Amino acid sequence: MYIMDSSAEEARAGLTGHVSTVQMLTLHRELLVSQVKSTQCIMDNLLQSGFLCIEDAEIIQRAATKTDQVRKILELVQRKGVQACEYFLYILYKVYDAYIDLQPWLKEINYQPPDFIRDIPVKNTDPISRYCEKLRHELGRDTRFIASYAQREETLLEELYTDTLMELLNDRNESLGHLEGLGQLLGEQGVFNSQAETVLVTGDAGVGKSILLQKLQRLWSKRELEQTDAMFFFKFRCRMFSTFKETDEISLRDLLFKYNCYPDQDVDNEVFSYILRFPEKVLFTFDGYDEIQADLDLVNVPEVVSPEERTHPLLVLINLLCGKLLNGSRKVLTARTGTDVQSRVIRKRVALRGFSPAHLQTYTNLHFKEQEHRDLVSVQLDASPHLCGLCSIPLFCWIVFKSFKHLRSVYDDFELPEACVTLTNIFLLLSEVFFSRGATPPPVLLKRNTRCPADTFRAGLRPLTAFSKLALLGMERGGFVFDQEEVASCGLTDDDLKVGFLRPVSRYDACENPSTFEFLHLTLQSFLAAFSLVLDEQASVGNILKFFTECSRRGNTSCLSCVVHCISGSSKPRGKDPFKTNEHLQYANLFLCGLLSKANADLLEHMVPAALLKRKRAVLKSYLSTSVRSHLRGLPLYNTEQEGSKVHVLPNFLWMLRCIFETGSKEVAQLTAKGITADYIKLGYCNVFSGDCSALNFVLQHRRKRLGVDMDNNNISDYGVKQLRPSFSKMTVVRLCVNQISDSSVEVLAEELIKHRVVEVLGLGSNKFTSMGGKYLASAIQKSTSIFDVGMWGNSIGDEGARAFAEALRNHPSLTNLSLSANGITSEGGRSLAEALKGNTMLRIFWLVQNELSDDVAPDMAELIRSNTGLSHLWLINNQLTVGGIRQLSEALSHNTSLKEISLKGNCLSEEEEKLFEAEGRLRFH
Ligand SMILES: Nc1ncnc2c1ncn2[C@@H]1O[C@H](COP(=O)(O)OP(=O)(O)OP(=O)(O)O)[C@@H](O)[C@H]1O
């Protein structure tokens, strides 16, 4: 019992004219009665500290309603005196979240807890805050490990998590630069639709979307997540929503609690009421939107008006995502690249681009503790940009590293896969590791025996067939979660499950049955499904094409999907849907091509009769040839004056290229190269990643005619450029803007430019090269007489690079258009450029927008303007020129009749000054 001296306090209040705390409670009684929603925590603390006794508590509990309870509490504490009242206020102040409605009032009365009260502890027994703790605890536990293929071999997330490239995109998918770290994901940077609440994170298979969410959840669980004050964090995997039956119904409350965790001792449902009242305190993550096996229309969706309403879980999800339920809550949604999510519900967009070279190095160091392994792996990676390209996708990198580690522990001489490794080889490697781990270990003396994948696969054929069958079964019915019955029906035993292809799924079986399974990764399911098609000796040979047929059927009708409204009027998702995403099927096709490739025949012949394998290969090849031909013929071709006939490829083109690369068939590659009849092919915004460049190169190397290639806005990176090396001899146009390219591959490109001298147009805008890259290019351009258009905006070549370009420009015989905008060039670099250009009669258009040019550059620029007779447009927008500098340019312009325009908007002039100069006619400020 704490000693109180209420009379002294009251006397003090009277003397100073202040209202005593006891009076205060009377004054604000009405507000307190209406706003104190949770009485439990107050009672617990008053009891604990001795301000109330058990009998008091019983009196309170006897009150019929919550408001009556509050009245009783007030009565009692007032009766007990000032200290009790002070302590009562202190509880409201300390247990902030539970009494959030009263916080403005406490501020208004300028509440400051007196020192003597601060010594009395307040324990949070409020169900809301306790629930938050529980959520944090459970999320912390669930996110500790990265799911690994062997459950006994779990890896701590913190030990292996490596940042990946996170590119911020606007609503038109244009790059807005990169996020610095995960903390920025929820921030305001890059928000293009402030009304919407969903942050969309996209990326290719295995690029790390789920792991990114796991990291986010882990940070939140440890209170380390910046830019959010979320008290509640609910995580969901979208594939769960496909496991519900059409007749299943659920309320929002159940969805939140059942699939995360239930609040304890919350008889009055306070937690849920709180969530409804403060939705902005809630953060959701929904992983894998592409895995929902229904065509969703986030805009025209029947509204679930009440959070209590029971309806199909998918409808609850959609209403959450589009902000019709729990409006104000934040959502992070992940999906494979290219998944259609209506922009209206997206707040901001982030694309994951995988490991950069620096990330890959970090990941290598984290993965391999032994220096010897690190060095070995680094050397082998350095030697193969193709392998690096594949390893820029964390999942593939993990498989390669994990396999290396295991096989290296068994065979001394095991090395990383060779330079021309395919994705199928990588998954074969993983399977080999699975089966070799299960096999009886060789006697110690024989440990370093020769590696024989054929033996390993032959020994594992029975379980491999069973796993493959299950994978195919799921693929056919569009399911990624399997119950025990399905697993057993494919012939899988409990022992087989230990191999590692499958992992148990917790909690989201509608019947509370924990024994459901999923494949370690969806791509693995695709791989095994393809294996099943290859292994099958019963079905007709043509059956292997089933997913190709499926994809092309969907592709043909996809334009109709825009006008189809689904889930309209009905609260049930449609059963079979022809428009659902089909990347997993595309992967199955890709693996089929790889498994049936000649290169893998030696291995596969140990599992499938050679004659059958041959027949299957022939069917596949014939199908590929026919479809390649018809695909290419069907591409829309249009003619341009400057660049000849152009074609903008469709998304399927990339899959086609990937499949051709996996087959390794020269004939099909030749056919494809020949089939591209256009002079210019546009692959912009096609989601080409560095690993795809080997596939493109595989086809282009068979091309006789030259070709313009536009690959702007993809994810090519240095690895991709290096893989394209042999193809640059065929290219008249090389457009690689916005592709994370840095100096190391610019050097390679520059070498090729010099070697072949066929490139006419070079677009390298918005990449990452510095003065070094600038110098390589300038030197290549100087030696190249074919080039006439160079765009290099948005790099960092600086003055050093500008000086190198100045040398290249001096009397260049062909360059007519050059952009060095946004490259950090100051007046020093500008002066070199101006001086070098004086005698150049070829350059017509010169862009130096958004650099750091001041009046210091003006005399040389003026001299250039006076003496140059070729230039028709000079762009100096967004620099730091003032009236003095521009006057010099204006004066010089009067001596030049060929220069049509100097654009000067965004320099340091007032509007009046701009108008004055604009009157001249050829100085433009708008
Ligand atoms: N940032 C990362 N750091 C370390 N490892 C990672 C990272 N991202 C992914 N991985 C590895 O790659 C595996 C696959 O990643 P993840 O499941 O997150 O890919 P995803 O993009 O969600 O793929 P999908 O679209 O197919 O579901 C992980 O299990 C992990 O081993």
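The expected span of a helix is 1.5 Å times one less than its number of residues. Keep that rule in mind as we walk through this structure, which is a predicted model.

Now look at which parts of α34 are covered: S745, V746, L749, A750, E752 and L753 are buried. Viewed down the axis of α34, these buried residues fall within an arc of 165°, so they line one face of the helix.

Next, turn to helix α27, which runs over residues 583-595. Its 13 residues reach 18 Å from the first C-alpha to the last, close to the 18 Å expected at 1.5 Å a residue. How many of the residues of α27 are buried? The count is 13 of 13, so to speak a helix that is mostly covered.

Let's move on to two loops. Q265 sits in the loop between α13 (252-258) and α14 (270-277). Its phi is near 40°, a positive value in a residue other than glycine. Is Q265 buried or exposed? Q265 is exposed, because it has 11 other C-beta atoms within 10 Å, and a residue counts as exposed with 12 or fewer.

The other loop lies between β15 (680-682) and α32 (692-700), and Y685 is found there. Y685 is not a glycine, yet its phi is positive, about 50°. With 16 other C-beta atoms within 10 Å, Y685 is partly exposed, because that class lies between the exposed limit of 12 or fewer and the buried limit of 20 or more.

Finally, step back to the whole protein chain. It holds 40 helices and 24 strands. Taken along the principal axes, its C-alpha atoms fill a box of roughly 100 × 85 × 60 Å. Of the 926 residues in the protein chain, 46% are buried. Among the contacts in the chain with a separation of 6 or more, 80% come from residues 24 or more positions apart.

Technical notes. Residues are numbered from 1 along each chain as its sequence is written. This is a predicted model: local features need pLDDT of at least 70, side-chain atom pairs count only at pLDDT 80 or more; totals for chains, interfaces and linings use all residues. Helices (H or I, at least four residues) and strands (E, at least two) are DSSP runs, numbered from the N terminus. The arc is that of the directions from the helix axis to the C-beta atoms. Two residues are in contact if their C-beta atoms, placed from the backbone, lie within 7 Å.
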